[in-house]
Amino acid sequence: MTVLALTGGVGGAKLALGLAHVMSPEDVVFLVNTGDDFEHFGLHISPDVDTLVYTLADRANKETGWGREDETWSFESSMKQLGGDTWFRLGDKDLATHVYRSSLLSTGSTLTEATQEIAHSFQIEHRVLPMSDDPVRTMVATNEGILPFQDYFVRRQCEPTVTGIEYQGGAAARLNPELNLDSISKVILCPSNPYLSIDPLLSISELAGFLRTTSVPVVAVSPIVKGLALKGPTAKMMRELGIQPSATTVASHYQDLISGFVLDQEDANHSAEINRMGLRTAEFQTIMRTFDDRVQLASDVLGFCETLSSD
Ligand code: FO1
């Protein structure tokens, strides 16, 4: 039986790396957010897919978590010279990924097939599946109008005030057909931004319906510790959406879809309130600074799933 790990950006990829280290390729499948995808210079860019692939291949930029390590920037400097956009940084190695994926897509490959080619080229044996081969795009409603995700997150550096988020295409998108939900024995929502990275996955009705009705353990790992987002705009955005940024609000956001919630040890005081939502809780060290932290949290979360299975 297989563990299904839902993941988005940098935070989720950290736990995914830990899971890949403790589980064999046939025992886990990574379903990745594509709501951040966009067309840039005529290229199809899949940031969260690439973040996971580079992270599993140990080729990710360690400072940013996205893009490749040991990058060179000749393309970017020439683009700047030409007067083209450089707000979305494309390193030379990373650019090859986008060009190669776009060439596969333009000759009829699905995003899944292109991702498998790319993952294979990095000798990744674990299964990395885009959540859908149909387009889903996270659109951020702001005081400057509705912005595609990368425009909000990168071009505008998350400055606009967020008034809402929608996942264009989610309702019509088909769950990745490579995913066999009947083979799933546990589901883990990795600690990515709930609104920007996990909710696009949950906008796919077949997946949300499965989580709502399954009897297998579904465990979410909080991306918020002590009210502060570990990475990215989570806390600022939650405040702007009128949501008190805390582990408890993340748990309540997921509560109809999950059976267990993992908090950081620092947030153990929230456990009782979350238990009253009907959720089991566990407290681990969820701040992953080192590789060993990633592996330890993966083991802890899998152990917690086991206790839920035996309920
Ligand atoms: N994030 C930034 O803040 N600035 C960038 O210039 C940038 C470039 C970039 C290039 C390729 C890629 O795969 C990701 C990139 N990201 C960048 C991150 C991207 O915005 C992701 O969507 C976030 O990591 C959120 O998941």
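Here is a short chat about the nonpolar cores and aromatic rings of a predicted model.

Visitor: Which ground rules apply here?

Guide: In this predicted model, local features need pLDDT of at least 70 and side-chain atom pairs count only at pLDDT 80 or more, while totals for chains, interfaces and linings use all residues. Residues are numbered from 1 along each chain as its sequence is written, and side-chain values use heavy atoms, leaving out hydrogens and water.

Visitor: Which residues touch the most other members of the largest nonpolar core?

Guide: A nonpolar core is a set of buried Ala, Val, Leu, Ile, Met, Phe, Trp, Tyr and Cys residues joined through side-chain atoms within 4.5 Å. Buried means under 20% relative accessible area, exposed over 50%, and partly exposed in between (1.4 Å probe, protein chains only). Here the largest core has 45 residues, and Leu-4, Leu-6, Leu-31 and Val-187 touch the most other members. Apart from it lies another core of 39 residues, including Val-3 and Leu-17.

Visitor: How many aromatic pairs are there?

Guide: Rings of Phe, Tyr and Trp (its six-membered ring) pair if their centres lie within 6.5 Å; planes under 30 degrees apart are stacked, over 60 edge-to-face, the rest tilted. The whole structure has six such pairs. Take Phe-38 and Phe-88: centres 4.7 Å apart and planes at 75 degrees, so they're edge-to-face.

Visitor: Are Phe-38 and Trp-87 buried or partly exposed?

Guide: Phe-38 is buried, at 11%, whereas Trp-87 is partly exposed, at 22% relative accessibility. Along with Phe-88, they form one aromatic cluster.
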